[in-house]
Each structure stands twice: as C-alpha cells, then as structure tokens.
Amino acid sequence: MVCVHRRPASVAPSWVSSASQAYTDTVLRARLIGERLPLGAAAWIVPALVTFLAAILRFTALDHPHRLIFDETYYVKDGWSLWQHGYEVGWEEDSDEAFANGEIAAKDEASYVVHPPLGKWLIGAGVALMGPESGAGWRLGSAVVGTLSVLLVALIAQHMFRSVALGGIAGLLLAVDGHHLVMSRTGLLDIFLSFFILAAFGAMILDRDAGRKRLARLIAGRAQDSPEQLRRYLQWGPWLGWRPWRMLAGVLLGAACSVKLSGLAFVAVFGLMIVCWDISARRVAGIRRWFVAGVVRDGLYAFVCVVVVGGITYLITWSGWILTSGGFYRNWGAEHPASGLEALVPDWFRSLVHYHSQSTEFHTDLSSGHNYASNPWTWPFMGRPVSFHYVGTDKGELGCATEGGCSEAILDLANPLLWWSGLLAMLVMVFLWLGKRDWRAGAILGVYVAGQLVWTLWPERTMFFFYTIAYAPFLVLAVTMCLGLILRRDAIDTADGLRPRRRSLIIVLGFVLAVVLLSAYFMPLWTGQQIPYDSWRMRMWFDSWI
C-alpha cells in the first residue's frame, strides 16, 4: 500500500515543556526542517526504474529522421564548429543534406550567432563522438540531459513531498510527457536550459536543508549560555559559513544562462527565493532581528554564490571564443581602442561586452514572422505547438500501405491531460502559498513565473511554445503535489505513517494511468512514426495544432 508521509511540522513538537528546550538541536530541526523519515532502498529503486523508462523512450530510434529538423540546422552545425574551431563559422547555402552525409560545407569565416555557447558545446559533443553523419549524434546530448531530468524530478519530488510514491509518480509523468520527450529527442538548446534550471533548483533544496541544520546546530551549541548571553546571540544569530550546495546552484545557473540568456530570469527569481528561505529560517529559529540578519548575513553571501559564481561560470563557457582569435566580434576591442579607465579593461572583455550588447538588441527587436510562432498568453493552453517535422506520403510511397495516404510527424505537443492539469495545479499553488505559506508551492510557482511571465515583456518578439520546456518539469511537480493532497485528504493515521483511503488512491492512480494511455495514443506524433493520414488527423484536436 502507498505510504504518504506526514508534512513537516512548522512549530515545535508538543513535548517541549520549557523555554530552554526550544533551543535544543532536536527541537530546532523539527521546527526548521520537520521530521525526516527513512525511505529505504525504494528511494533509489523507484527513481532508477522511471529513469530507465525515460531512457528507452528517448534513445530508441534517436537517429530518426535522418535529416536536420527545425533549428537543428543551426545548433548542430554550430556545435560541430565549436569543437573544430572554438567558435561558430558560416555555412554554404543548402548544406544540411551534405552535412547529414558527412560532407562538411563550412566556410572559413566566423558566423554571427546570438545564443551563448554552452548548449551548442553539449550538442557538438555528440557530433564529435559519433560523427556529423550520425543523426543519433546530433541528438545524443539532448537525450542524455532529458533522461537525467527525469531522474532529478523523481528525486526532487521525493525529497520535497517526503514520499517515494510521489517521487515515482513525478518521474513517470515527466518520462511519458510528449513535450519533454520531443525536446529530449531534438538537437535544440532549450532542453539544456531546462536541465540546468532543474539541477540548480535541486541544489537549492539541498542547500536549504543543510543551512537549516547548521543553523539549528549552532544555536543549540549556545543553549547552555546564560539567558543574557543567549539573548544577545539571538539578536542576529550566527553566520552559517561555507555553503557548497549554494555555490553549485550558482554554477548551474551560470550554465543555464550560457545556454540561453533567458536563464537570467531564473537567476533573479532563484536569488530572491534563497534570501526569502534564509530570512524565514532565522525567524522560525527565534532570531529577533531575523529580517536584517537574513539580508546581511545570508543575502550578501547568496549574491556572491549566485551572481558572482554564476558570472564566472558563464565567462568560462566562452573560453573557446576568448582563447582563439577568429570568432565574430572577437577583435572588436583591438580595432576600437579605449581611453581613460576603460583602457584598463582587456580588449577581449570589451569585445565580449560589445558582442552581448549587439545580441541583446537582436533578441529585443526579433519580430520576423513564422508559421508556428505563438503569443506567450496561449502557452498555458497549448494553443500553438510547434511542428518540427512532417512528411505526407501516398499509398506505395516510403512503405505507406494505406489507401488514404500516410503521415510522419514530430509535433512538440505536451500530453494534453498533463499540461492542462498543470495549469490548474499552478492555481492551487497560488492558494497554498498565499493561504498556507507552503514554501514548496511558492518555489514551484516562482519557477513558473520566471519561465512564463518574462516573455510577456516583449509582446512583439517572435516566440515559440517550446520555450516552456524550461518550466515544464515544475508543472509536473505542481501536479504531483496536488495528487499528494488528494492522497492525504482523508488518509488514515497508522504507525507507519499516513495511508490513503481506497477512493483517493483510485483517483490518483486513475489519473496517472490516463496520462500514460494518452501518451501512448500520441506517441507516433512525438517520435516520427508513419501512421495513416486519418489517424494523424484524429490526433489533431484543434486546427491550431496543424
């Protein structure tokens, strides 16, 4: 039977009988973190199983179709260029077919590109490993990080919700979702952005727990002080020192920005989230000047960990461009000598700043028309998914045996039940955060805001639905949290924890089964399988999906 563990306590346990006991390590941990229940071997077995399923779905026939689809024409070839030259080069017109055959038609001159290099380095790693003629090599990096994302979601959900079952559900839902599956099987940048954001979030969760444990231990170490000494100590509380998980989060956020500069929105939200968690921890621990102490003693250090460390990481990912001389705008600084204090800045750094000013202007003014462009306000409803690949064939052509013809498509379409349920789940997150101050709901909601609302600032810009993959795993976490609420709604309290009643269990398992069956139904549209045209048309529920 599924065991749903209790939610962590937010107040001191009822067995505290005196004020002095409130500052023992045990009581402080109970207030700051809540009870940690052992999860056993299943805590690794269940995530491993859903990850294995994700790997099968993502790596099977990864080389199909053997042609560069959608923006693979840019990123795959740019990835090859980075591994060969350290920077992106131009290509002859209509060179995709030659590239797919292993014939390189690259130019000798640098190409102006507007996205940072890390995502293309990771795509290029697969090309370097398997050769430019390998379709699987073009998408290998995406498949690897897509599969690892499923593992991360399962572990994060398990940690946040204190349940192996809910962790397994979260991993399973992401494993079978078409949006995540398509992006994991395509050589585009966004799945790498999604992965680094998710990994940074996981590091922040671990940092939150580690910091609160240390806060409890340090305060408890002063519990034997005199009342006056303890009172003075609790005015500001301790400095928590070295925070390796927080530093790792900064590295991962820097990596996210080096995939796409839209990662900056997540840096801002995650930075605020960290400071809010620190302030809350000091308040719950009984520190009197908790707000100022949280801002000064934790917030400044958080800025260093997130912004400074992230910035250094971002700069390192440009090493190929910095250490060579042929990149676009690489010699701009030398060609435009500076004066005054600006002359103290290295030419390469001024060149890089100029590069970024030009790319920012490009991104802001990008408004070219595209048949699959969509407004961000339509994304929560999945109004215009993106077609990456479509081939229509008549009977007898390319193995088609159907009288009415066949279709072969790759459509970046999320599982409709999961995606629309995710929208409702986000509304529940709002109520849980505002009504119950549930930090988990606030964290999930914050990532959604960073990934969704930031795009509304540029309504005229050309945008696509697949940008939402950055926060898609957090929609899954929101849905999983709501499923956990259903299981706990009228659960039975037993010696082993809370056990859901049969009706709640049926509702949750029924939902998960419905998502899996619907994914099986749409699977041909996500993996480019040839199906009868009528079957393809039946899956086009709305004309805007075509």
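Tutor: Happy to! A nonpolar core is a set of buried Ala, Val, Leu, Ile, Met, Phe, Trp, Tyr and Cys residues joined through side-chain atoms within 4.5 Å. Keep in mind that this is a predicted model. Its largest nonpolar core has 135 residues. Those with the most contacts inside this core are Ile 197, Phe 201, Phe 270, Phe 388, Met 429 and Ile 444. Helix α9, which spans residues 190–220, supplies the largest share of the core, with 13 residues.

Let's zoom in on Met 429. Leaving aside its neighbours within four places in sequence, Met 429 touches Ala 441, Ile 444, Leu 445, Ala 478, Met 481 and Cys 482.

Now back to α9 and one of its partners. Helix α18 covers residues 439–452, and the axes of α9 and α18 lie 12 Å apart. The two helices pack at an angle of about 155°. Angles over 145 degrees count as roughly antiparallel, so that is the description for α9 and α18. Their crossing is right-handed. On the α9 side, the contact is made by Ile 197, Phe 201, Ile 205 and Arg 208; α18 brings Trp 439, Ala 443 and Val 447. Of the residues in this contact, 6 are nonpolar, 1 is charged and none is polar. In soluble globular proteins, nonpolar side chains tend to be buried together.

Note on methods
Residues numbered from 1 in each chain as written. Predicted model: local features only at pLDDT ≥ 70, side-chain atom pairs only at ≥ 80, totals over all residues. Heavy atoms only, no water. Buried < 20%, exposed > 50% of the residue type's maximum accessible area, 1.4 Å probe, protein only. Helix = DSSP H or I, 4+ residues; strand = E, 2+ residues; numbered from the N terminus. Contact = heavy atoms within 4.5 Å. Axes fitted to C-alpha atoms, helices over the stretch in contact; angles between N-to-C directions. Parallel < 35°, antiparallel > 145°, perpendicular 65-115°, else oblique. Left-handed = near helix turned anticlockwise from the far one by under 90°. Nonpolar A, V, L, I, M, F, W, Y, C, P; charged D, E, K, R; others polar.
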